[in-house]
Each structure stands twice: as C-alpha cells, then as structure tokens.
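Work through the exercises below with the sequence and the model side by side. Try each task before reading the solution that follows it.

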Amino acid sequence: MTGLNAVYRRELAAYFQTPLAWVFLTVFAIAAPSLTWRAGRLFETGRADLAPLFDYLPWLLLVLMPALAMRAWAEERDRGTLETLLASPIALWEAALGKFLAAWSVAGLALMLTFPLWIAVNWLGSPDNAAIATAYFGALLLAGGYLAVGQALSAATSNQVIAFVLGASACLLITLAGLPLALDALSAWLPGAAAEALAELSALSRFESLRRGVISLPDMAYFLSLIVLGLGAAMTLIDARRGGGR
Amino acid sequence: MILADALVKTFAGKTAVDRVSFQVRQGEVLGFLGPNGAGKSTTMRMIAGCLEPDGGRAAVAGFDSAMQRRQAQSQLGYLPEGAPAYPAMTPRGFVRFSLRARGFSGAGLEAAAELALARASLGAAAERPIGTLSKGYKRRAALAAAIAHDPLVLILDEPTDGLDPNQKDGVRALITAMAPDKAIIISTHLLDEVEAICTRAILIAGGRVMADETPGALAKLGPQGDLPSAFRALTAPSGEVISHRPGRRAT
C-alpha cells in the first residue's frame, strides 16, 4: 500500500501544482449553478429540491471527468516518466488506483462546491435531504465511472488531447445508450433483447434511480464494475507496454 | 548483483538485443558502450524490469527482474535515458515521492531525501519546480531520486549527458564514492568517462556484446591502442568480434 499512498499523494499534488485543478474547479463552480439556475430554472419550479442540478450534472461530468482523467497515463508516456514508474517497486494496481482516487478526490471537491445550492434550498424550504444526499452519492459514483473510462483511454495514447476526445466520446456513448432517442435507433438495428441489454448498460439510467433517492444493489454494482473495468483496462494497456518498449 | 543471461528483445521483427549476457559484482562499475541504437538502453530497461525480455532472464540482487519484479526493483536505483521527471514537482518532492514509493516515511524519509539532494549537489534548486531547471539540474534531480534509497544496484543511462565539466566531475566523484558498496552500470558515449570511473566496459553493437574487458584491455583492442580506435574498430558495420566473453553466470 506504500505505492498506492505515494502515487495518490503525488497525483493529488500534481493537480494543484498545475492550473488544471484550479481551472477545473472554477469551471465546475460556475457551470453547475449556472445550468441549475438558468437552464434548470431552480427557483421557478416551486419545489424545494435539487432536481435541476442533477438533471444537468451527468452532461457536465461527461465533459469534465475526461478532462480530469486525460493526463493520468498519457502525460506519463509523453514525458517518459512512465519508465521511472515502471522501474519502481509500485504495483500497477497501486499506480492505477492511486491516480484514480486522486482524480476522484478532485471530482468530490468539485461536487462539494455545489453545496451552497443545497444550503439554499434548505433555507427556502424543506427538501428531502436524504434523497439529495443519495443523489450526490450517485453523482460521485457516476463521476468515478467516467474517470475510470477516461483513465483507460488515457493509457491508450501519449497525447492528452486525443485521450480527452476518446474519453469524452466513450462517456457520451455510455450516457446516450439510455436515452429514448438512442434506444429507438438501436432497436432498428439490433434484436430487442440486445437493445434492452445495451440500455441496461447506460450510465444515465443507472444514475436516474440514485438521483431520485433510491439506492439499489444493481446500480451500485454497475458503477463499481465500470470503475473496476476502466482501471483494469488501463492496467492491461500499460502492462502491455512492458512487452513493447516505451 | 546484476545478471543478464542471454537476453533477447525484438521490436517489430527487428532484434534489438541478441543474447546479451554479463554479470556485475559488488564494487564493479560497468561502462556500457555502443553506438546509438546498439541496444544499451533496451538491455538496461530489461534489467530494471520496465521491459520484459523475449528470451533469457535478468536479475537484480538475486531477484528475477520479471518474475520477482518488486523485490528486484526495491534493490534498484534507475536513471532512465533523458532523466525524465515531473516538471511541476520540485527535486525535493520528486525524491520524497521516490522514497515514499519504497516504504520510507517520517524522519527516515526526510534524512534520506536530504542526503540524496546534498549528494546530487542540488542546493537551492531543490526547492524550484523541475520544469524551470536547467538540463544539468534536471538530470541531477533524477539522479537524486535514483540514489535516495541507497540501493544495492544502480543503473544509470547516460548520467552525465548535458552536464558542464564541473557537474560531470561531481557526478563521477559521486559514482566513484558509491561504487565499493554497489554494483553499478552506466551507459555513456564519453570514452574518457569509462577510463575515469569504470572498472569494466562492455561494448555492444547491433544488439550483441562485441567486447567485455577492463577499460585498459579494451583500449588495446584498437589499432591505436586507445578507446576511440577500439570503439570504431568494434562498432564499424563490417567489424568482427574481437573479444567476446558473454554468459558469465552468477555463482
């Protein structure tokens, strides 16, 4: 676990030693309330809840999480520090998990920046705080899933821009899979059972029940599986580099 | 302490390292010589465990570099080609990271970091981001991270590349001072460096060991009796193997 601790601390520090975390947090702190107020019309719904925030959060996260994850391995490959990392007695799972947890911590901090909205709706009315807490938990899981997918695609290239584009595209796909528009299109091409199975893989539909305040084991298992699969794919891609040069 | 046993590595059908074998014992400083693309860095990467051989095996301090990677790497200090480092970190932060990854903590970590930074003569540069440092200081920052945990084995890929003459002397003195307790491999294009600090030299070309001698004996293989002429003679495309002692196995 010493390797995990070392990588986590280094990665977390790296986010704040460069403008990345500050820019990310600033964009999130401005974009999340703006979408909630303007597009979501928080104060015009007449309800004391944060539904407008959680309506738009998945779309914000699917852009911002790949931006946070793009540097995970692509930067190491580009700068040559991957060789230093692979020559140190750090297990690959420790490196992947350390990088993931650092990015997830920044994502968690970003979500905390929306807490003033939560305080505001409590001041204005009597929301179901347990449901809101569950929705925040779901948003954290969704962010984790997107980060893991982003990390896997960051391991596939040494170019951070390409890593971001691939990551955002993959996150868009797993989000869109649950929308009626995508389901209609899929049902035209695929047998009904296959289209339904693909819909089950949608991050958006899994997040939907959590945002309504319902915690279910399948949804939890879905997001944890997405995280494990993403990190596993990243580890496989990096480990393959031991066999093929820098 | 270092074993390379018939190491083979191919990239896209091209053999980069072809049955390279040697052994380095405690107290030896092995100079790894050869033209660019000869297979020096690839061989060192396989010993360091960041590249897996297609054939043969490598070991560090008795641990197989592929099968017992973490144990082997715990005994290893490795300076990769180009001395890569994280530009936003300070040399002190980089050295601390390297130590923390090897289980150091608290006062032991601070003392080891302080010693490594002092031995690499980083001075006030230890507190500045690596990305703002000169090439020489960047290399010394990476060197400090490689030696901080006082490993039994050091593999240094061109440790003095880009350093000014004073800095080169400093790094060479550091390597000489550490040598009695360690097994050290340095790759270099500087033949005077081999004469100055190496107890043995291996010349590699086309992925194969062409000579494995003391620097003095290697020099005598050249038509002019010096290292440059030996290098040219042994690495010329039509050069034939003059002296080859591969496969000295660990006992």
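Two strands are said to pair if DSSP finds at least two bridges between them. The structure shown here is a predicted model.

**Exercise 1.** Determine with which strands β9 of chain B pairs, and in which sense.

Solution. Begin with strand β3 (residues 29-33) of chain B, which pairs with β9(B) in the parallel sense over four bridges. Within this pairing, B:Gly31 has B:Ala201 of β9(B) as its bridge partner. Turn next to strand β10 (residues 208-213) of chain B, where the pairing with β9(B) is antiparallel and runs over five bridges. Here B:Ala205 is bridged to B:Arg208 of β10(B). Finally, follow the chain from β9(B) to β10(B): the two strands form a hairpin with two residues between them, and B:Gly206 in the turn has a positive phi of about 60°.

**Exercise 2.** Decide whether the residues of β9(B) are buried or exposed, and sort them by the way they point.

Solution. For this step, a residue counts as buried if 20 or more other C-beta atoms lie within 10 Å of its own. One group, made up of B:Arg200, B:Ile202 and B:Ile204, points one way from the strand, while B:Ala201, B:Leu203 and B:Ala205 point the other way, and all are buried. Because six of the six residues of β9 (residues 200-205) of chain B are buried, the strand is largely enclosed by the rest of the structure.

**Exercise 3.** Describe how the two domains of chain B are laid out and which elements of domain 1 touch domain 2.

Solution. First take the bounds: domain 1 of chain B covers 1-75 + 152-251, and domain 2 covers 80-150. The centres of these two domains, taken over C-alpha atoms, are 24 Å apart. Their contact draws 16 residues from domain 1 of chain B and eleven residues from domain 2 of chain B. On the domain 1 side, the elements that give two or more residues are β7 (153-157) and α6 (165-178) of chain B, and α6(B) gives the most, with five residues. By kind, the residues on this side of domain 1 divide into seven nonpolar, five polar and four charged.

**Exercise 4.** Find what the chain does over residues 56-74 and 130-149 of chain A.

Solution. An unreviewed UniProt entry lists several stretches of chain A as "transmembrane region", including residues 56-74 and 130-149. Over residues 56-74 of chain A the chain is 95% helix and 0% strand, with the end C-alpha atoms 29 Å apart. Over residues 130-149 of chain A it is 100% helix and 0% strand, with the end C-alpha atoms 29 Å apart.

Conventions: Residues are numbered from 1 along each chain as its sequence is written. Chains are lettered from A and ligands numbered from 1 in the order in which they are written. This is a predicted model: local features need pLDDT of at least 70, side-chain atom pairs count only at pLDDT 80 or more; totals for chains, interfaces and linings use all residues. Domain bounds come from an automatic or database domain assignment. Two residues are in contact if their C-beta atoms, placed from the backbone, lie within 7 Å. Ala, Val, Leu, Ile, Met, Phe, Trp, Tyr, Cys and Pro count as nonpolar, Asp, Glu, Lys and Arg as charged, and the others, Gly among them, as polar. A residue is buried if 20 or more other C-beta atoms lie within 10 Å of its own, exposed if 12 or fewer, and partly exposed in between; C-beta atoms are placed from the backbone. UniProt positions are given in the numbering used here, feature names are shortened, and annotations may be inferred rather than shown by experiment.
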